Amino acid sequence: MTQDELKQAVARAAADYVAANVPAGTVIGVGTGSTANFFIDALAPLKDRFRGAVASSEATRKRLAGHGIPVLDLNDIEEIPVYVDGADEIDAGLNMIKGGGGALTREKIVAAVATTFVCICDASKKVEVMGRFPLPVEVIPMARAHVARELVKLGGRPQERSGFVTDNGNLILDVHDLKITDPKGLEARINQIVGVVTNGLFAVRPADLLLLGAADGVQTIR
Ligand code: 5RP
């Protein structure tokens, strides 16, 4: 199976999960990226079962709207039973690195409101220790050099993502060479650097459920 076929399989499994577990008439949180895009496509036939979706990026908002799925403002929503999103890396504790698509801040906000975070990814994303994938950090532009210096002190090698502006008007520093043995501690530490909006570690609020696409089928990991 190709990587895209694995992503499609987990996306379908996530749509089945939503159909079976989410009460009719509620709101779904939807992530960003190629796996999330497959999920949106799989969700479209079910759109009459739920009230609408909260999008974690402009790209996701457009794709949802293209399927005729109502996109709601998070400020008008009190409860999101399920948030479905991909990841760049995920460990055994369901801690993740996210933000390869640059949507980490909005993803983290929607995840914070959601009751259950369902992570969907192909088997290549499952790792023992996170850090091979460079950790994205969203930064207020005027703080770029300061934040970069602080990230070097933490042992990282930050590189500005060239020509990229987030949906919030900020830049991304991708931090290479981190070996992330304390994801929760590092997430909190980086978020304390003045000028950081947030970083792509999702450990303070990890996933609750992982649907992992492998050659022999979709595994459910809690
Ligand atoms: C976007 C993300 C994505 O979930 C992550 O990059 C995985 O993307 P893909 O499903 O395309 O592999 O965090 O900001």
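**Reading the ligand contacts and an aromatic pair**

Visitor: How far is an oxygen atom of the ligand from a polar backbone atom of Gly100?

Guide: A polar contact is a pair of N or O atoms within 3.5 Å, and here an oxygen atom of the ligand lies 3.4 Å from a polar backbone atom of Gly100. An oxygen atom of the ligand is also 3.1 Å from a polar backbone atom of Thr32, while for Lys98 an N or O atom of the side chain is 2.9 Å from a ligand oxygen. The ligand alone exposes 380 Å², of which the protein buries 91% (Shrake-Rupley method, 1.4 Å probe). This is a predicted model, in which local features need pLDDT of at least 70 and side-chain atom pairs pLDDT 80 or more, whereas totals for chains, interfaces and linings use all residues. Residues are numbered from 1 along each chain, and side-chain values use heavy atoms, without hydrogens or water.

Visitor: How many aromatic pairs does a search of the whole structure find, and how do I read one?

Guide: A pair of aromatic rings is described by the distance of the centres and the angle of the planes. The search finds 2 aromatic pairs (ring centres within 6.5 Å; planes under 30 degrees apart are stacked, over 60 edge-to-face, the rest tilted). Tyr83 and Phe117 are edge-to-face, with 5.0 Å centre to centre and 80° between the planes. Tyr83 belongs to strand E3 (residues 80-85) and Phe117 to strand E6 (residues 114-122), so this pair ties together parts that are 34 residues apart in sequence (strands are DSSP runs of at least two residues).

Note on methods: A polar contact is a pair of N or O atoms within 3.5 Å; within protein, one must be able to donate a hydrogen and the other to accept it, and residues adjacent in sequence count only if both atoms are side-chain atoms. Rings of Phe, Tyr and Trp (its six-membered ring) pair if their centres lie within 6.5 Å; planes under 30 degrees apart count as stacked, over 60 as edge-to-face and the rest as tilted. Helices (H or I, at least four residues) and strands (E, at least two) are DSSP runs, numbered from the N terminus.
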